[in-house]
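Subject: Structure handover

Hello,

Please find the structure below, with notes on what was found in it after that.

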Amino acid sequence: DLESKIANPKNWAAQAGDMFNQRYSKLNQINTSNVGKLQVAWTFSTGVLRGHEGSPLVVDGMMYLHSPFPNKVFAINLDTQKIVWKHEPKQDPAVIPQMCCDTVNRGLAYAEGKIFLQQADSNLVAMDAKTGKVLWTAKNGDPKLGAVNTNAPHVFKDKVITGISGGEWGVRGYLAAYDINTGKQVWKGYSTGPDAEMLIDPNKTTTWIDGKVQPVGKDSSLKTWQGDQWKIGGGTTWGWYSYDKATNSVYYGTGNPSTWNPSQRPGDNKWSMSIWSRDVDTGKVNWVYQMTPFDEWDFDGINEMILADIDVKGKPTKALVHFDRNGFAYTLDRTNGALLVAEKYDPKVNWATHVDMKTGRPQVVSKYSTAQNGPDVNTKGVCPAALGSKDQQPASFDPNTKLFYVPTNHVCMDYEPFKVEYVAGQPYVGATLSMFPAPGSHGGMGNYIAWDAGKGKIVQSKPEKFSVWSGALNTAGGLSCYGTLEGFFKCVDAKDITKELYKFRTPSGIIGNVFTYEHKGKQYMGVFSGIGGWAGIGMAAGLEKDTDGLGAVGGYKELGQYTDLGGSLTIFALPN
Ligand SMILES: O=C(O)c1cc(C(=O)O)c2c(n1)C(=O)C(=O)c1cc(C(=O)O)[nH]c1-2
């Protein structure tokens, strides 16, 4: 059912439009020659002020919208424009201060006549898509311990897959699968700890060792932590997941090890900061690859895994492409986890010179090693900043140009670790940050780039004033579209991204993802606006000091000259 809904380009039935995370639409009515005539068709306010991430879904003439906390859901009939049903969960507002980077929610999932909502308080809910009636609720985590949720649930086969947030609260990360019909948990695989709890088979699960894919061996995680630190060691899973039917695997990434003070957790801290392939039916780990062993900068590895069949160094490859927070873009063979390409997609990256292709390890520049410099020493000028060369904002893949379109950040930081005591349910951060625009660049804090993942090269780069915190969309109309933090919805020519073909100022800064659908023979494009997320946390949570908001406020202070709060959806179409 979901597969056929996705196959119909009139729908937008999954957060990325498909299960490969490509964010590509076959619709071509809006194209490079007429996009300049785009007009606003309609708008809709969610009535919620904080950051609006993700996008609505469209299935068979109904649109399903979500909001940040309190996670309202609206079902709108596209014929009548009426709200058919509305659901507002009752959630304890005590979860609000347990959320690190604004009270965002990355959207809903659809399957078999059901809508799935992953609430902030960690309850996973299935609703009847026609009526909004709650069919089941599953408790996915304990918000009292900081285990909250922002990720979108993802449906693959008969399972709804969800993750967990709370890396800054010492939450031990995991991915879990629930039966879409009953809400019963089918499997749960932790990011750290004993093999059995991670669903790792020491002899069958493989990783990249010595230039080859080889079995991970016994206790691959436990060996890389001191004492019991792995129990409060992070590795949360709040990103976008993808699925390949051919390998029957779900692909996703794990976040930072806790705490941010690296001196409190010597070792590689496996398998935080890693790319995972798990069997979707059993959760068993096929392969895992760690990008940033012993993280010293908060470079969470949760960014989306985009699956695409491309030429890698001239060879047709079933690839997995990932733009990591650490500033490197990785191309792996998704069938076995072999590392094929790892290159900087942000020329300002300075914390590592390169990735050693034999060990798969980044070569750290000692001056930027916050562990070597030690606690209570401010390590200055690390690029990228903790929020990475790219954060959660998902990139797109265009099968026509064979390129990836990547919303990026151009931000650096000063990072000062300090000793922190673990107290259950309290923040467990352990570093003070301040962030600022990357020095010596175009003067802005963002770039929209076109990337060749087979070669590991930037093809083109379009400068932006602020970080691009919105998800990208490419279409068969030759367009690549995204939003900016000032609030502009933009479409550029996929063949030459420096050519801005359309621009419209929406009501607030954009951190949502561009999506498209067709209704009654007409193509529509849309995007949520509503400033927030980590980059917009200063405005969303009313913070002021430069080091507030885990250091994000400083760099984005100027945003107040361009936008203010407010969540709404803007839908565009060509004139009649
Ligand atoms: O470690 C975590 O559990 C965790 C959770 C989240 C989240 O759930 O939004 C973010 C982060 N970390 C994080 O490091 C980060 O940069 C970030 C940005 C955003 C956002 O929505 O803009 N969320 C989060």
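Predicted model: local features only at pLDDT ≥ 70, side-chain atom pairs only at ≥ 80, totals over all residues.

β18 pairs with two strands that are listed here in turn. Strand β17 (residues 242-244) runs antiparallel to β18 and is joined to it by three bridges. Within that pairing, Ser-249 in β18 has Asp-244 opposite it. The hairpin formed by β17 and β18 has four residues between the strands, and Asn-248 there takes a positive phi near 55 degrees. Strand β19 (residues 274-279) also pairs with β18 in the antiparallel sense, over five bridges. Ser-249 has a bridge partner in β19 as well, namely Asp-279.

**The sheet of β28, β29, β32 and β33**

An open sheet is made of four strands, in the order β28-β29-β32-β33, with antiparallel pairing. Its edges are β28 (396-398) and β33 (457-464), each of which pairs on one side only. From one strand to the next, the twist averages 25 degrees. Seven bridges connect β33 with strand β32 (residues 446-452), again in the antiparallel sense.

**Ser-45**

Ser-45 lies in strand β2 (residues 39-45). Is Ser-45 buried or exposed? Ser-45 has 12 other C-beta atoms within 10 Å and is therefore exposed, since a residue counts as exposed at 12 or fewer. Leaving aside residues up to four places away in sequence, Ser-45 touches Gly-567 and Ser-568. Val-492 is 447 residues from Ser-45 along the chain, and the C-alpha atoms of the two are separated by 27 Å.

**The ligand shell**

Which residues are closest to the ligand? They are Cys-101, Thr-150, Ser-165, Gly-167 and Gly-533, among 20 residues that surround the ligand. By type, the shell divides into nine polar, six nonpolar and five charged residues.

Regards

How values were computed. Residues numbered from 1 in each chain as written. Pairing = 2+ DSSP bridges. Axes fitted to C-alpha atoms, helices over the stretch in contact; angles between N-to-C directions. Buried ≥ 20, exposed ≤ 12 C-beta atoms within 10 Å, placed from the backbone. Contact = placed C-beta atoms within 7 Å. Near = placed C-beta within 6 Å. Nonpolar A, V, L, I, M, F, W, Y, C, P; charged D, E, K, R; others polar.
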